[in-house]
Structures are given as C-alpha cells and as structure tokens.
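Dear colleague,

Please find below the structure that I am handing over to you.

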Amino acid sequence: MNDRAVAVLENYDMEVLRTWKGRSSILMETTEGLRVLKEYNGPLEKLQVQKEILKAIAENGYPNVEQIFLTKEGEYTCSDYDGTYVLKSIWSGRECNIKEEMDCGQMLENMAKLHKSMYLPEVIKQNEIKPQSAFTELEKHTRELRKVRKFLTKRSQKNTFELALLKNYDFFYEKACKVWEEGKLFFAGAQNRWSGYLCHGDMQHHNALLNENQVYFLNFEKYCQENPTKDLVLFLRKIMEKNNWSLQIGQQVLEWYQKERPLAKEEWMGMYYRLAYPEKFWKIVNFYYNSGKSWIPERNGEKLDKLLTQESQKEIFLEWILQKI
C-alpha cells in the first residue's frame, strides 16, 4: 500500500495520532482506538452485507470482531488514484501460534463462542445470502484431479516428482471419488438443516489476534452461509498436519471447541467427509498443474513424502470420528 494512501484518512471523522505500516495495510492509533486502512477490490454490495453481519455478530454475543467504518459522506470505501480503501477496527495482539497448546485452546473456545453468535437467519434472509455446500467444492476438486491425472498419464517424459505423483495418484484419486460419491447425498440433505448459520470462511491462525484472555477475529471477506464445521475443519486440518495427525491432539482440539459448542452427530458426519477427502493431495496436484511444469520446487516432493507418511495416522483419527456418529 502506497504511503500516499494516508491522505485518504481525511475522509473519516476521527483524529489520527500516529500511523505505521502493517501487512498490506496502514495501521493507526486514533482517539477512538486502533484502526486499519486496507485496500479493497471486491464488490461494494458484498462489503455492505459484511458490515451488517459484523454488527449483528457483536450484538448477538461476540463483540470481538472487526467493524467497518463509513466515511464522513456515509460511503463504505474511499479512493484515490492509487486504489480503493476500507477502514476497519483492529486490536493490539499477536497471531495464534498453532504450535502452542494454550494458544490453540484459547482460539478454539472462542471460535465456538463466535459460531454461536453467527446463527443469524434474519440477516441471511434479508440479504439473500445463498447457502454453500461442501459437496460443490469436493466435486470441483475431484474434476480437477481427473483432468490432471489424464494430463500426467499422457505426458511422455516425466521427471522424478511426476513419477512419484503418478505412482500414488490412483490411491488418492479413488479415495477422492469415494468420499465425493458417499458425501453427495449427505451434504445435499444437510444443507437445509444447517441453514441460518454463517461462517468466517477463512479461519486461519493469522485471522485472529490474541491478547490476554481475549480473541479478536478479523478478515471476514469470505463469509458464507455454511455449517460452522467448515471453519473448524480448516483450522483443525492445519493443526493436525503440523502434528502428524496425532489422535490425542485431535481429541484435545475438539474437546476445546465443544466446551462452548457441542457438535451434533450430523456435524461429526460432515466433519468426517471434509477431513476424509484428500485435500492436501489436491493442493499438491493443483500447485503442480498451475505452475511451470518444467521446474518442480523441491518442497513439492517433500510435501508429497510427508503426506504419504501421515496417511496411516490420519486414518486412525478418521476412524475415531466415525465412532462419534
């Protein structure tokens, strides 16, 4: 973000005490608290709905979520010749360290509290927010895996990574097809029963700030109408991959979450299908196919090797989840 963007702050009714650079943003201390100015490239309508959602979440019991501020003229964004910007609230704090047990516990308990406040059927109805289905995402990923499999099979000269990928392709591709087929009817039926809930949509450790006993959630741009397990699985998968899919750690993670929001049997089932799908394999394949195939980063091979060594531990965790259903 260009330093000249600071000039757009004159569009807002606040007294700025000091500013400093953040990650693709300008942070500032004002007489009203901390604020962050960020570039915004999305549709205005989506930002308007986001503002309404954030206000409703705070009023519904979880105040530690970012809020969007309007300009003096009542506009959602302001612009100069360098770009378009949005002003939001922010807090001092640090990102969640997924290697620290205390951080993860605090994050998950507060994620559950947040989800309870994101049951907003009236907001969804008024803004006509259409539901999303995990099945649509799994279908898209499976279709992409099929395309790359065909491409790899026909490729005449294969490098070491491509040979390793092809050697293990059928195993993961068949698993993807199986989960997709089995989950099809489940997700189609569950979609209506989960209506009324909104998700953050990008529940990563860097979208939360921890400060003493408080957790503040940021960056709701990918909000969607979905079951809260979408957020939970996104964060859970990251922790599990870092910890070799340890059953003990997985059990602890879900125990932290359920202190505040116990999971229904149907949610355990949805979580199983999301986790059983070979998402990591799809990511490796997708990165390979969409990058220059003449040079494969060594890291790609390492990720594939790690995926293979973790598969048996992942299956143990999935079997435990099935016992909850």
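The second largest pocket has a volume of about 700 Å³. A pocket here is found on a 1 Å grid over the protein atoms alone, as an open set of points where a 1.4 Å probe fits, with protein on both sides within 12 Å along at least five of seven lines; lining residues have an atom within 4 Å of a point. Grid points are joined across faces, edges and corners, and the volume is the space filled by probe spheres set on the points.

The model is a predicted one: local features need pLDDT of at least 70, side-chain atom pairs count only at pLDDT 80 or more, and totals for chains, interfaces and linings use all residues. Residues are numbered from 1 along each chain as its sequence is written, and side-chain values use heavy atoms, with hydrogens and water left out.

Of the 28 residues that line the second largest pocket, Arg23, Ser25, Lys38, Leu218 and Asn219 are the closest to its centre. At least two lining residues come from each of strands S1 (16-22), S2 (25-30), S3 (33-39), S6 (83-89) and S7 (94-95), and S3 gives the largest share, 4 residues. Helices (H or I, at least four residues) and strands (E, at least two) are DSSP runs, numbered from the N terminus. By class, this lining has 10 nonpolar, 10 polar and 8 charged residues; Ala, Val, Leu, Ile, Met, Phe, Trp, Tyr, Cys and Pro count as nonpolar, Asp, Glu, Lys and Arg as charged, and the others, Gly among them, as polar.

The largest pocket holds about 860 Å³ of space. It is lined by 34 residues, of which Leu234, Arg237, Glu241, Glu279 and Lys283 are the closest to its centre. Helices H4 (134-154), H6 (229-242), H9 and H10 (298-322) are the elements that give two or more residues to the lining, with the largest share, 8 residues, coming from H10. The lining of the largest pocket divides into 11 nonpolar, 5 polar and 18 charged residues.

Turning to the aromatic rings, the structure holds 16 aromatic pairs. Rings of Phe, Tyr and Trp (its six-membered ring) pair if their centres lie within 6.5 Å; planes under 30 degrees apart count as stacked, over 60 as edge-to-face and the rest as tilted. The rings of Tyr169 and Phe281 are edge-to-face, because their planes stand at 75 degrees, with the centres 5.2 Å apart. This pair links Tyr169 in helix H5 (residues 160-193) to Phe281 in helix H9 (residues 279-290), 112 residues apart. Phe172 and Phe281 have ring centres 4.6 Å apart and planes at 15 degrees, so this pair is stacked. Since Phe172 lies in H5 and Phe281 in H9, the pair ties together parts that are 109 residues apart in sequence. Tyr169 and Phe281 are buried, and Phe172 is buried too (under 20% relative accessible area, with a 1.4 Å probe and protein chains only). Ring pairs link Tyr169, Phe171, Phe172 and Phe281 into a cluster.

Two charges sit over rings, namely those of Lys184 over Trp180, 5.1 Å from the ring centre, and Arg261 over Tyr197, at 5.3 Å. The criterion is NZ of Lys or CZ of Arg within 6 Å of the ring centre and within 35 degrees of the ring normal.

The structure holds 0 disulfides (pairs of cysteine sulfur atoms within 2.5 Å). For Cys104, the nearest cysteine sulfur, that of Cys96, is 4.7 Å away. Cys104 is buried, with a relative accessible area of 3%, and Cys78 is buried at 6%.

With kind regards

Definitions and conventions
Buried means under 20% relative accessible area, exposed over 50%, partly exposed in between (1.4 Å probe, protein chains only).
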